[in-house]
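Trainee: I have a new model open on my screen and would like to walk through it with you. Could we take it one question at a time?

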Amino acid sequence: TQSTIKAYRAAILDSLGDPAELGIPESYRYFEDGLLVVDNGQISALGNATDLLKDLPADIDVTEYKDALITPGFIDTHIHYPQTGMIASYGEQLLDWLENYTFPAEHKFIDPAHAEEVSDIFLTELLRNGTTTALVFGTVHPQSVDAFFSCAEKRNLRMICGKVMMDRNAPETLTDTAESGYEESKALIERWHGKGRLHYAVTPRFAPTSTPEQLTAAGQLLQEYDGLYMHTHLSENKNEIEWVKELFPEQNGYLDVYDHHNLLGERSVFAHGVHLCDDECKRLAETDSAIAFCPTSNLFLGSGLFNLPKMEQHKIKVGLGTDVGAGTSFSILQTINEAYKVMQLQGEKLNPFKSLYLATLGGAKALQLDEQVGNLEPGSEADFVVLDYNSTPLMGYRMAQAKSLEERLFVMMTLGDDRAVKETFAMGQSVFKRD
Ligand code: GUN
Ligand code: ZN
C-alpha cells in the first residue's frame, strides 16, 4: 500500500497551555530542528528531526524549510466575511459605522452570486494570512451562509458560521422576524452543522437589534441541537451599552440580557467585552463563556482598551479576533502587534508566548476545539503554517540581530503580516503557498 505520510522539517513551535496558568517556560514546546509528521490529514509525530527520521521509512517525503518557523494555524474567534469589501471605512464609531457602511454592504448578500464571490475572496485572504479556523458572521440572508459553508467545505476547512438574527433597529431589507430567524437558522443547522469540519453558530447580531422574542428563539435553538455555538457582540462601545440599558430596562446590564435568554455557555463567544464590570466577568467565567479580543477593531472604532489581565484574573477564556471589517487587518500577526500596544497603553506587557497562545491554543479552547486544532499534538488535525523569518528586508535584518526564540517570535509578531506566511496547510493539504 502506498504511504500517505509526509514530513515537514523546520524550527517548530506550539503552545501547551496558558502562560498565565503554567508560567512561560512550561507554556510552549520548541524544536530548533524539528520534524512534523503528517499521516492522512492528521499529525502523527512531532519531535527532533534527527531522532524521528531514524524510525521513519528512508524514502519518506520530507519538505525542508530554511529560516522558517512552523506553528499551528491561526484561529480567528471573531470576523465578518460580508464586511470584506468595506474594510477601512472612514470616520465613525460603532453605531454610525453600522448604519452608514455596514448595513449597505450587507444588503448586497441578498444575491447568492455576490455571497459566493465574497466567500471565495474572504477564505483566500484568511489562508494567505495563515488563519485556518474562524468563527464567522454571515448576514441576515441564509444564502450568505450557504455560500460560505460551500466554499469552506471545498477547501476542507474547520470553520464556524451562522446567519445573523436581527428583527429590529435595522433597515427593513436586513431584518428577519423572531419566527423566520428561528426557522431559517434551523434549516441551516440541519444542512450544515457537523458536516465535514463545519459547525453552526446561532448569531443574534447584538442585543439592540433583537427583540426579546428573538433572543428567546435563539436560546431555544441552542437547546435543540448539540454542539451549536452562540456568537454575538457585547459591551463594545459606551453609547451601545447605554442603548441596551434603555431597550432592556428590566435586565441588570448588557450581559444579563443574554443571560436572561439562556445564551451563555461553553460554546458562547462574545466579541469585544471592552467595558465589562466584575459581576459580568464572574458570570462569563461561571458559564465558561468566551471573549474575542479584537484590538485592531477596538482601536479603529475608538471603542476602548480591552483589559486582558482582568480576564486572566477571572479565568475567562479569551481568543483573538480580527473583527474585519471594523478590524483593519486579516493578519493575526498584525492583530497581536496591536494587542501589544493596547496592553502598553494600560501599563502591561504582552509576552510573545502569551500571544502565541491566544492566536492558537487559546483560540481553540475558546471555541472548544482544542482536541482538534490549536496545537501540534499527535492526533490533531494537520492545520499549520510555515512562517518566513526573512519575509521582508527589514525583518531579515532585524532577525539577524535577535538572539533568543522569544526575541525572534516578538519581532515576527510585530513586523510580520501576510508576507510572513510562506505556506498554509489544512488537513495536511497545502491550501496557500506564497509566490
Ligand atoms: N455590533 C453589532 N454589529 C457589529 C458589527 O458588525 N461589527 C462590530 N464591530 N460591532 C458590531
Ligand atoms: Zn464584530
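**A walk through the model**

Mentor: Happy to, and let's begin with a helix: Glu286 lies in helix H10, residues 278–286. Keep in mind that this is a predicted model.

Trainee: Is Glu286 buried or partly exposed?

Mentor: Count the C-beta atoms around it: Glu286 has 13 others within 10 Å. A residue needs 20 or more to be buried, and 12 or fewer to be exposed. The count of 13 falls in between, so Glu286 is partly exposed.

Trainee: What distance separates the C-alpha atoms of Glu286 and His314?

Mentor: Along the chain, Glu286 and His314 are 28 residues apart.

Trainee: Moving to another element, which residues does Ala134 contact, leaving aside neighbours within four places in sequence?

Mentor: Start with its setting: Ala134 lies in strand E6, residues 131–137. With 29 other C-beta atoms within 10 Å, Ala134 is buried. Beyond its sequence neighbours, the contacts of Ala134 are Asp76, Ile79, Leu126 and Met159.

Trainee: And Val37, which residues does it touch, not counting those up to four places away in sequence?

Mentor: Val37 is found in strand E2, residues 28–39, and counts as buried because it has 23 C-beta neighbours inside 10 Å. Ala147 is 110 residues from Val37 along the chain, and their C-alpha atoms are separated by 33 Å. The residues that Val37 touches are Ile5, Ala7, Ser44, Ala45 and Leu52.

Trainee: Which residues have the most contacts inside the largest nonpolar core?

Mentor: In soluble globular proteins, nonpolar side chains tend to be buried together. Here the largest nonpolar core has 129 residues, and those with the most contacts inside it are Leu36 and Val136.

Trainee: Which helix gives that core its largest share?

Mentor: The core draws at least three residues from each of domain 1 (5–73 + 376–433) and domain 2 (74–330). Its largest share is seven residues, and they come from helix H13 (residues 332–344).

Trainee: What does Val136 contact, leaving aside neighbours within four places in sequence?

Mentor: Val136 is one of the residues with the most contacts inside the core. Its contacts beyond those sequence neighbours are Ile79, Tyr81, Phe148, Met159, Ile160 and Cys161.

Trainee: How many residues does each domain bring to the contact between domain 1 and domain 2?

Mentor: The centres of the two domains, taken over C-alpha atoms, are separated by 31 Å. On the domain 1 side, strand E15 (421–426) and strand E16 (429–433) each supply at least two residues. By class, that side has seven nonpolar, three polar and three charged residues. The contact takes 13 residues from domain 1 and, from domain 2, 13 residues.

Trainee: Now the ligand: which helix supplies the largest share of the shell around ligand 1?

Mentor: The residues around ligand 1 are His80, Leu94, Leu98, Thr102, Arg205, Phe206, His233, Glu236, Ser297, Asp323 and Ala326. By class they divide into four nonpolar, four polar and three charged. The largest share, three residues, comes from helix H3.

Trainee: Which peptide bond is cis?

Mentor: Most residues other than glycine have a negative phi, and most peptide bonds are trans. Gly325 sits in the loop between strand E13 (317–320) and H13. With omega near 5°, the cis bond is the one from Val324 to Gly325.

Trainee: Asn262 has a positive phi although it is not a glycine; what is the value?

Mentor: Asn262 lies in the loop between helix H9 (254–260) and strand E11 (268–272). It counts as partly exposed because it has 16 C-beta neighbours inside 10 Å. The phi of Asn262 is about 60°.

Trainee: Last one: is His272 buried or exposed?

Mentor: His272 is found in strand E11, and its phi is near 90°, a positive value in a residue other than glycine. Its C-beta neighbours inside 10 Å number 29, so His272 counts as buried.

Technical notes: Residues are numbered from 1 along each chain as its sequence is written. Chains are lettered from A and ligands numbered from 1 in the order in which they are written. This is a predicted model: local features need pLDDT of at least 70, side-chain atom pairs count only at pLDDT 80 or more; totals for chains, interfaces and linings use all residues. A residue is near a molecule or strand if its C-beta atom, placed from the backbone, lies within 6 Å of it. Helices (H or I, at least four residues) and strands (E, at least two) are DSSP runs, numbered from the N terminus. Ala, Val, Leu, Ile, Met, Phe, Trp, Tyr, Cys and Pro count as nonpolar, Asp, Glu, Lys and Arg as charged, and the others, Gly among them, as polar. A nonpolar core is a set of buried Ala, Val, Leu, Ile, Met, Phe, Trp, Tyr and Cys residues joined through C-beta atoms within 7 Å. Domain bounds come from an automatic or database domain assignment. Two residues are in contact if their C-beta atoms, placed from the backbone, lie within 7 Å.
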